[in-house]
Amino acid sequence: MTIRPTEVPARATARPAGVFRRAWIHRADYLYVLPAIVVMLIVIAYPVYYTIELSFYNTPPSLQLRDKIFVGFDNYAIILGSDVFWQVTLNTFIWTIVSTGCAYILGLGCALCLHRAFPGRAVMRAILIIPWVISAVAAAYIWKWIYHSNFGVIGALLVELGFAGRPPNFIDSVNSVLPSLIVVNVWREFPFAMIMLAAGLQTVPDQLLRAAKVDGAGAWHSFWHVTFPHLRGVSIATILLLAVANFNSFIVTWIMTGGGPANASHIWITHIYEIAFGRQRWGIAAAYSVILFLIVMSLGYFYVRGLGGAEKEGGAS
């Protein structure tokens with residue numbers, strides 16, 4: 001059956017009418033979610049809009065915020081042309097990639113160990129969760145004293161055991177401050193990866209593991225060819241969640257070092273905070289925030305894609 005040319009516009013014009021008609025039919029449903037939509041617009045949409053608008057203005061400390069000067073994309077040009085920006089960017093990527101990878105690997109190892117039954121497993125599980133459940137502020141202050149060059153526990157032990165002549169400067173040295181902070185961050189985050197991956201291990205069919213054992217597969221081959229493929233979905237979700245959290249990690253780095261020494265431990269979020277509340281350059285801080293927002297949104301896109309792929313694999317299996 002052929003379609004007449006006159007029928008196409010009629011169908012095209014019928015679609016909007018159908019959408020509005022369905023919206024009118026379900027108008028009571030929209031009224032139920034209207035308060036949540038209004039709250040989201042006030043709490044999320046307006047701050048995002050205002051930050052994007054503010055990124056196009058110059059706000060020197062000598063002026064009031066309402067007297068801001070429109071400068072277009074000059075704030076973005078200043079940021080991208082700054083050597084500090086590229087240093088902080090490198091710190092951020094090292095911080096995010098190393099922290100995420102180490103936390104995932106350590107969490108996977110702990111999840112595999114706790115997946116087997118042994119005496120005291122519940123106690124061990126509770127001990128390993130402690131770094132994740134305690135306050136990040138308290139953990140940062142504790143590790144700050146542990147790393148202290150004069151009164152720190154680690155430095156005193158190294159001197160006592162003869163590994164060092166004097167306590168090392170963990171967070172007071174440009175070369176060691178970022179690795180020291182990454183150790184603290186991994187210590188705090190690996191329990192989250194452990195919990196996520198331990199839940200994923202529950203979905204691995206025992207029949208496949210027994211069949212692999214009967215076929216003569218060793219522990220490594222059983223893990224790599226049977227267990228790990230079933231962890232693909234939860235692994236993608238865990239890695240992306242850790243990456244987003246590390247991009248926005250603020251408490252550990254700011255409390256322990258404040259971004260120093262010499263910007264060696266500054267990451268994007270702490271640098272934005274310093275520019276905004278330390279130097280009161282709100283326009284440049286807003287432009288910085290927009291760049292960070294776009295990167296985090298791209299990670300969120302891949303996170304949603306990863307969850308969709310995991311759901312398809314789960315439905316197919």
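Here is a short chat about a predicted model.

Biologist: Hi! Before I dig in, what sort of model is this?
Modeller: Hello! The model is a predicted one.

Biologist: Good to know. How much space lies in the largest pocket?
Modeller: About 480 Å³.

Biologist: And which residues are closest to its centre?
Modeller: Those are Arg-116, Leu-209, Ala-219, Ser-222 and Thr-227, out of 13 residues that line the largest pocket.

Biologist: Which helices supply at least two residues of that lining?
Modeller: There are α4 (83-115), α9 (206-214) and α10 (219-230). The most comes from α10, which gives 4 residues to the lining of the largest pocket.

Biologist: Nice. What is the lining like by class?
Modeller: The lining of the largest pocket has 7 nonpolar residues, 4 polar ones and 2 charged ones.

Biologist: Let's stay with α9 and α10 for a moment. At what angle do they pack?
Modeller: The angle is about 170 degrees, and the axes of α9 and α10 are 10 Å apart. Angles over 145 degrees count as roughly antiparallel, so that is how α9 and α10 run relative to each other.

Biologist: Which residues make the contact?
Modeller: On the α9 side, Leu-208, Leu-209 and Ala-212; on the α10 side, Ser-222, Val-226, Thr-227 and His-230. By class, the contact of α9 with α10 has 4 nonpolar and 3 polar residues, with no charged ones.

Biologist: Changing topic: where is Ser-99 found?
Modeller: Ser-99 is in helix α4.

Biologist: Is Ser-99 buried or exposed?
Modeller: Ser-99 is buried, because its relative accessibility is 0% and the cut-off for buried is under 20%.

Biologist: What is Ser-99 in contact with, leaving aside neighbours within four places in sequence?
Modeller: Ser-99 is in contact with Ile-94, Ile-182, Asn-185, Val-186, Glu-189 and Asn-246. Also, the C-alpha atoms of Ser-99 and Val-183 are separated by 7.8 Å, although these two residues are 84 residues apart along the chain.

Biologist: Last topic, the backbone. Is the peptide bond from Gly-260 to Pro-261 cis or trans?
Modeller: That bond is cis, with omega near -5 degrees. Pro-261 sits in the loop between α12 (251-256) and α13 (268-278).

Biologist: What about phi at Ala-262?
Modeller: Ala-262 is not a glycine, yet its phi is positive, about 55 degrees. Ala-262 is also in the loop between α12 and α13, and it is exposed, with a relative accessible area of 62%.

Biologist: And phi at Asn-263?
Modeller: Asn-263 has a positive phi too, about 65 degrees, and is not a glycine. Asn-263 belongs to the loop between α12 and α13 and counts as partly exposed, at 22% relative accessibility.

Methods
Residues numbered from 1 in each chain as written. Predicted model: local features only at pLDDT ≥ 70, side-chain atom pairs only at ≥ 80, totals over all residues. Heavy atoms only, no water. 1 Å grid on protein atoms, 1.4 Å probe; cavity = no way out; pocket = protein on both sides within 12 Å on 5 of 7 lines; lining within 4 Å. Points joined across faces, edges and corners; volume = space filled by probe spheres on them. Nonpolar A, V, L, I, M, F, W, Y, C, P; charged D, E, K, R; others polar. Axes fitted to C-alpha atoms, helices over the stretch in contact; angles between N-to-C directions. Parallel < 35°, antiparallel > 145°, perpendicular 65-115°, else oblique. Contact = heavy atoms within 4.5 Å. Buried < 20%, exposed > 50% of the residue type's maximum accessible area, 1.4 Å probe, protein only.
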